[in-house]
Amino acid sequence: MQVTRIRSSAAAAAAATAVAAIGLFLTACSTSAEDRPLVIVSTNILGDVVEELVGDEAEVVTLMKPNADPHSFEISAQEAARLRSADLIVSNGLGLEEGLQQHLDEASAEKVPTFVAGDAIDVLDYSEGDAKGNPDSHFWTDPARMITVVDALEPILAELDGVDSAAVTEHTTQYRMQLQSLDAEMTDIFVAIPEQRRALVTNHHVFGYLADRFDFRVVGAVIPGGTTLAAPSASDLADLVDAVEKTGVPAIFAESSSPDRLVQALASEADIRVDVVELFTESLTAPDGGAPDYLTMMRTNTERISDGLTN
């Protein structure tokens with residue numbers, strides 16, 4: 001009986017030690033997670049890219065929800081307050097985040113470190129419509145410009161307190177290779193489209209960078225500007241119908257985050273057969289929505305544009 005009591009006490013002590021060790025481990029993990037720098041990203045496209053670059057080295061919070069419109073989405077008071085505690089804010093810039101810009105400006109005024117993707121690229125201006133002469137914010141339709149953004153963002157992420165810079169460099173190298181592969185795939189697919197068919201009509205001007213990179217003509221847009229918040233006039237629609245009829249484009253492309261009612265109306269007005277093809281150009285989707293990440297979004301759009309213009 002005495003031996004039994006001794007063994008029971010030893011077992012209890014061992015169990016207590018194990019529990020304490022587990023508690024210390026969990027506390028250490030919790031502390032480590034809390035110590036990670038906070039990176040807040042405006043749009044979900046850039047949010048996906050930032051997550052690829054930092055991995056687990058930082059907490060990445062994306063403000064824009066799946067399927068949202070980057071021109072009009074807004075954030076809560078709690079999210080606005082959290083912006084001020086970020087170690088880095090990453091935004092698109094170039095006038096894209098119209099509903100968020102005030103909060104971004106206020107955080108910047110309070111000396112929160114910021115990275116504006118539009119500042120890193122060769123910017124194109126809108127060539128027509130109400131926005132003519134203003135900077136085009138939709139640079140991500142050109143994967144080469146996204147590579148430029150990634151290259152500019154890498155050293156800033158690597159210098160955040162608490163991150164392993166070597167890990168960020170490794171993640172960035174791997175992701176850059178994926179972007180280069182994407183660019184090569186898009187080049188091969190688009191070059192196979194006959195030159196006379198490389199004409200794009202969309203619900204608003206979103207393909208300026210893609211057209212510049214892959215030699216397309218932007219025939220026009222239902223909404224003659226760079227924002228979905230504008231509205232077309234009767235003369236705008238009449239001019240676009242005329243352009244569609246003259247060029248004979250076989251498809252009109254509608255952004256998935258915006259209603260396509262106007263695009264459907266335009267297709268019914270044109271005196272030719274015109275398909276309306278949905279693309280994912282302004283926002284990523286939920287995991288089951290067809291465009292859960294930037295690479296998938298771009299590949300899906302490439303295939304749909306090619307099919308729409310060649311079939």
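Of the protein's 311 residues, 46% count as buried (under 20% relative accessible area, 1.4 Å probe, protein chains only). This is a predicted model: local features need pLDDT of at least 70, side-chain atom pairs count only at pLDDT 80 or more, and totals for chains, interfaces and linings use all residues. Residues are numbered from 1 along each chain as its sequence is written, and side-chain values use heavy atoms, without hydrogens and water.

Trainee: How do H5 and helix H6 run relative to each other, roughly parallel or antiparallel?
Mentor: H6 covers residues 165-191, and the two axes lie 10 Å apart. Axes are lines fitted to C-alpha atoms over the stretch in contact, with angles from 0 to 180 degrees between N-to-C directions. The angle is about 180°. Over 145 degrees counts as roughly antiparallel, so H5 and H6 are roughly antiparallel.

Trainee: How many residues of the contact of H5 with H6 are nonpolar?
Mentor: Contact means heavy atoms within 4.5 Å. Ile 147 and Val 150 of H5 take part, as do Leu 179 and Met 186 of H6, among others. Four residues are polar and four charged; the nonpolar ones number twelve.

Conventions: Helix = DSSP H or I, 4+ residues; strand = E, 2+ residues; numbered from the N terminus. Parallel < 35°, antiparallel > 145°, perpendicular 65-115°, else oblique. Nonpolar A, V, L, I, M, F, W, Y, C, P; charged D, E, K, R; others polar. Buried < 20%, exposed > 50% of the residue type's maximum accessible area, 1.4 Å probe, protein only.
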